[in-house]
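Here are my notes on the model, point by point. Please read them with the coordinates open.

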Amino acid sequence: MNDAHPYAAAVEGLLRDTAPYLSCDECFDRIDQYVEARAADPDHHDLRMEVHLAGCGACAEEAATLLELLAEPS
Ligand SMILES: [Zn+2]
């Protein structure tokens, strides 16, 4: 949990792998992981997710909802 960016290198690799754009299906596959990473570390960035969320209101809303849920102390 306290490890610094355990998959930063993997993300960097992914950025070169394909164009930085995800389909909604791919976005939904990753959204839980992305939101959890964001909740744990506000400085976390996943460029492919961010590019998709910037252009896709539905997924952006989903991500915002999930982030709010995670931010709630339960
Ligand atoms: Zn989408």
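1. Contacts across the chain. Among contacts in the protein chain between residues at least 6 apart in sequence, 76% join residues at least 24 apart. Two residues are in contact if their C-beta atoms, placed from the backbone, lie within 7 Å.

2. Basis. This is a predicted model: local features need pLDDT of at least 70, side-chain atom pairs count only at pLDDT 80 or more, and totals for chains, interfaces and linings use all residues. Residue numbers start from 1 along each chain as its sequence is written.

3. Architecture. The protein chain has 4 helices and 0 strands. From the N terminus on, the order is α-α-α-α. Helices (H or I, at least four residues) and strands (E, at least two) are DSSP runs, numbered from the N terminus.

4. Burial. Of the 74 residues of the protein chain, 16% are buried. A residue is buried if 20 or more other C-beta atoms lie within 10 Å of its own, exposed if 12 or fewer, and partly exposed in between; these C-beta atoms are placed from the backbone.

5. Core. The largest nonpolar core holds 8 residues: Leu22, Cys27, Tyr34, Val35, Ala37, Met49, Leu53 and Ala63. Two or more residues come from each of α2 (24-40) and α3 (47-55). Helix α2 gives the most, with 4 residues. A nonpolar core here is a set of buried Ala, Val, Leu, Ile, Met, Phe, Trp, Tyr and Cys residues joined through C-beta atoms within 7 Å. In soluble globular proteins, nonpolar side chains tend to be buried together.

6. Met49. Leave aside neighbours within four places in sequence. Met49 is then in contact with Leu22, Cys27, Arg30 and Tyr34.

7. Helix α2. Its buried residues are Cys27, Tyr34, Val35, Ala37 and Arg38. The cover over them includes α3 and α4 (57-71). A kink of about 50° is centred on Arg30; the bend at a residue is the angle between axes fitted to the seven residues ending there and the seven starting there. What of the span of α2? At 1.5 Å a residue, its 17 residues should span 24 Å, and the end C-alpha atoms are 23 Å apart, which agrees. The expected span is 1.5 Å times one less than the number of residues.

8. Ile31. This residue lies in helix α2. Is Ile31 buried or partly exposed? Ile31 counts as partly exposed because it has 19 C-beta neighbours inside 10 Å. Not counting residues up to four places away in sequence, Ile31 touches Cys59, Glu62, Ala63 and Leu66. Ile31 and Leu53 are 22 residues apart in sequence and 9.9 Å apart in space, C-alpha to C-alpha.
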